[in-house]
Amino acid sequence: MLISKMNPAELTIDQITRVVFGDGKYTDDGTANGDCIFVFGGSYLSRAVKAVELFKNGRAPYILFTGGDKFGQIHPPEAIVLQNEARRLGVPNESILIETQSNHTKENILCSLTVLDRAIGLENINRLLLVSSPGHMRRCLLMLKTFMPLWYQYVWCPDDRVIGQANNWWQDDQEVIRVRAELHKVIIGVKGKYFVDDEVELDR
C-alpha cells in the first residue's frame, strides 16, 4: 500500500513496524561498504558509537556527523558532541566531517550536501551507510531519496539500543508514543509532499 493512502488509526502493531522501521530491505548485513558513514543529528552518543564501530571495521573512510543547535536550544551543536565522542574513541580528525547548521532531519540532509561535495564530491559517492535510531528509518530514507542524487545506494545501520527496536517498541510506553509520532510524521510528510511516496507491503 502507498503510504499516502494509509490511515494510521487502522494500522496494526506489525503494520506500524513495517512502515516506521522498514522490512529489512535496506538493513545492514555487514557486507556492503560505503563512501561515507552518514550520522543523523541527535543527542544519543550511541549513534557515535555505532559510526565508530563501522569506521573501525573498515566499512567507510569518512564519518559525517550532522546536527546543529536546535534553533539555539542546544550548546554545543549535536554534531560537535558526536564528533567529540568519535575522537575520544580513536577516530582521526581527518576522517571526520561535520555539519552544524541543521535543526531537523530534512536540514541534516540539505545542509550536508555542500559538506559532502566539498570533502568527497557528490559525483564520487555511490553508497552511504546511515546511522540513526531504529525507528527513524523510513523517514530518513524517503528524505534521502527526495533530496540526494538519485543514483545513491543506502545501507541502514541503526544504533544498538536495547529498547526501541522493531521487535520490542510496543512494550515501552515512551517508545509507543515516539513510534506513533514518527508514523504520523511519515504519513503527513508524504501527503504534504515534503518527501516522496513509497509502497509498503503491510501483509504477508
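**Helix Contacts and Local Features**

Reader: Is Trp 151 buried, partly exposed or exposed?

Author: The model is a predicted one, and the relative accessibility of Trp 151 in it is 47%. Buried would require a value under 20%, and exposed a value over 50%. Trp 151 therefore counts as partly exposed.

Reader: How is the ring of Trp 151 arranged against that of Tyr 152, stacked or edge-to-face?

Author: The search of the whole structure finds 3 aromatic pairs. In the pair of Trp 151 and Tyr 152, the ring centres are 5.6 Å apart and the planes stand at 75°. Planes over 60 degrees apart count as edge-to-face. The arrangement of Trp 151 and Tyr 152 is therefore edge-to-face.

Reader: Is Tyr 152 buried or exposed?

Author: The relative accessibility of Tyr 152 is 6%. Since buried means under 20%, Tyr 152 counts as buried.

Reader: What is the angle between the ring planes of Trp 169 and Trp 170?

Author: The ring centres of Trp 169 and Trp 170 are 5.9 Å apart. This pair is edge-to-face, because its planes stand at 85°.

Reader: At what angle do helix 5 and helix 6 pack?

Author: Helix 5 covers residues 137-147 and helix 6 covers residues 173-191. Their axes are 9 Å apart, and the packing angle is about 25°.

Reader: How many charged residues are in the contact of helix 5 with helix 6?

Author: Helix 5 contributes Arg 138, Arg 139 and Leu 142, which meet Glu 182, Lys 185, Val 186 and Val 190 of helix 6. By class, this contact of helix 5 with helix 6 has 3 nonpolar residues and no polar ones, and the number of charged residues is 4.

Reader: Is the crossing of helix 5 and helix 6 left-handed or right-handed?

Author: The two helices have axes 9 Å apart. Where helix 5 passes helix 6, the crossing is left-handed.

Reader: Is the crossing of helix 4 and helix 5 left-handed or right-handed?

Author: Helix 4 spans residues 105-119, and its axis comes within 10 Å of that of helix 5, at a crossing angle of roughly 35°. The crossing of helix 4 and helix 5 is right-handed.

Reader: How many nonpolar residues are in the contact of helix 4 with helix 5?

Author: The axes of helix 4 and helix 5 come within 10 Å. On the side of helix 4 the contact involves Thr 105, Lys 106, Ile 109, Leu 110 and Leu 113, and on the side of helix 5 it involves Arg 139, Cys 140, Met 143, Leu 144 and Phe 147. By class, the contact of helix 4 with helix 5 has 1 polar and 2 charged residues, and the number of nonpolar residues is 7.

Reader: What distance separates the C-alpha atoms of Thr 105 and Phe 40?

Author: Thr 105 lies in helix 4, and at 10% relative accessibility it counts as buried. Beyond four places in sequence, Thr 105 touches Phe 40, His 136, Arg 139, Cys 140 and Met 143. Thr 105 and Phe 40 are 65 residues apart along the chain, and their C-alpha atoms are separated by 7.0 Å.

Reader: Which residues does Ser 46 contact, leaving aside neighbours within four places in sequence?

Author: Ser 46 is in helix 2, residues 45-56. It counts as partly exposed, because its relative accessibility is 29%. With neighbours within four places in sequence left aside, Ser 46 is in contact with Asp 159 and Arg 161.

Reader: Which residue is joined to Pro 76 by a cis peptide bond?

Author: Pro 76 lies in the loop between strand 2 (63-66) and helix 3 (78-88). With omega at about 0°, a cis peptide bond joins Pro 76 to His 75.

Reader: What is the phi of Phe 71?

Author: Phe 71 is in the loop between strand 2 and helix 3, and it is exposed, with a relative accessible area of 60%. Although Phe 71 is not a glycine, its phi is positive, at about 60°.

Terms used
Residues are numbered from 1 along each chain as its sequence is written. This is a predicted model: local features need pLDDT of at least 70, side-chain atom pairs count only at pLDDT 80 or more; totals for chains, interfaces and linings use all residues. Side-chain values use heavy atoms; hydrogens and water are left out. Axes are lines fitted to C-alpha atoms, for helices over the stretch in contact, and angles run from 0 to 180 degrees between N-to-C directions. Helices (H or I, at least four residues) and strands (E, at least two) are DSSP runs, numbered from the N terminus. A crossing is left-handed if the near helix is turned anticlockwise from the far one by less than a right angle, and right-handed if clockwise. Contact means heavy atoms within 4.5 Å. Ala, Val, Leu, Ile, Met, Phe, Trp, Tyr, Cys and Pro count as nonpolar, Asp, Glu, Lys and Arg as charged, and the others, Gly among them, as polar. Buried means under 20% relative accessible area, exposed over 50%, partly exposed in between (1.4 Å probe, protein chains only). Rings of Phe, Tyr and Trp (its six-membered ring) pair if their centres lie within 6.5 Å; planes under 30 degrees apart count as stacked, over 60 as edge-to-face and the rest as tilted.
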